[in-house]
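This briefing is intended for a reader who is meeting the structure for the first time. Please look over the sequence and the model before reading on.

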Amino acid sequence: MAKRSSAAGTREKKLVCIVGSDAVHQEMPGRIPEAKDWNLDQVLHRTDMQ
């Protein structure tokens, strides 16, 4: 969940970890309107999962 900073009153971005992603799937979160408020982090690539 997004947290509110009491001092500044601003929202922190959510950290979303992507496991097993590839180039095709990396662009998918951009289609979600709320994704502009996310920090995306690719944890493992698809080839690391196989």
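The points below are grouped by topic, from the chain as a whole to single residues.

This is a predicted model, in which local features need pLDDT of at least 70, side-chain atom pairs count only at pLDDT 80 or more, and totals for chains, interfaces and linings use all residues. Residues are numbered from 1 along each chain as its sequence is written, and side-chain values use heavy atoms, with hydrogens and water left out.

**Overall architecture**

- The chain contains two helices and two strands; helices (H or I, at least four residues) and strands (E, at least two) are DSSP runs, numbered from the N terminus.
- In sequence order, these elements give the pattern β-α-β-α.
- Of the 50 residues in the chain, 10% are buried, where buried means under 20% relative accessible area, exposed over 50%, and partly exposed in between (1.4 Å probe, protein chains only).
- The accessible surface of the chain is about 4,300 Å², and carbon and sulfur atoms account for 53% of that surface; accessible areas come from the Shrake-Rupley method with a 1.4 Å probe, and for residues only the protein chains shown count as cover.
- When contacts between residues at least 6 apart in sequence are considered, 50% join residues at least 24 apart; contact means heavy atoms within 4.5 Å.

**Confidence**

- The average pLDDT of the chain is 78, and 80% of the residues score at least 70; pLDDT is the predictor's confidence in each residue, from 0 to 100.
- Confidence in the chain is highest in β1, at 87, and lowest in helix α1 (residues 23-26), at a mean of 76.
- Over residues 1-6, pLDDT stays under 50, and the model has eleven contacts beyond four places in sequence for these residues.
- Where pLDDT is low, the predicted coordinates should not be read in detail.

- S21 belongs to strand β1 (residues 14-21) and is buried, at a relative accessible area of 2%.
- Apart from neighbours within four places in sequence, S21 is in contact with Q26, Q42, L44, H45 and R46.
- V16 also lies in strand β1 and is partly exposed, with a relative accessible area of 25%.
- With neighbours within four places in sequence set aside, the contacts of V16 are W38, N39, L40 and D41.
- V16 and A35 are 19 residues apart along the chain, and 9.2 Å separates their C-alpha atoms.
- V19 is in strand β1 and is exposed, having a relative accessible area of 51%.
- R11 is located in the segment before β1 and counts as exposed at 58% relative accessibility.
- From R11 to D37 the C-alpha distance is 8.8 Å, across 26 residues in sequence.

**W38 in strand β2**

- Strand β2 (residues 38-45) includes W38, which is partly exposed with a relative accessible area of 21%.
- Beyond neighbours within four places in sequence, W38 is in contact with K13, K14, V16, P29 and I32.
- A polar atom of the W38 side chain lies 3.4 Å from the backbone oxygen of E34.

**Surface patch and salt bridges**

- A nonpolar surface patch is formed by V19, V43, L44 and M49, which together have about 340 Å² of accessible area.
- Patches are made of residues with over 30% relative accessible area and no salt bridge; like charges are joined within 9 Å, and nonpolar side chains (Val, Leu, Ile, Met, Phe, Trp, Tyr) within 5 Å.
- The count of salt bridges is two, a salt bridge being a side-chain nitrogen of Lys or Arg within 4 Å of a carboxyl oxygen of Asp or Glu.
- Side chains of opposite charge can pair when their charged atoms come close.
- Another salt bridge links D37 to K36, with the closest N and O atoms 3.7 Å apart; D37 counts as partly exposed at 41% relative accessibility, and K36 as exposed at 60%.

Conventions:
Polar contact = N/O pair within 3.5 Å; in protein donor to acceptor, adjacent residues only side chain to side chain.
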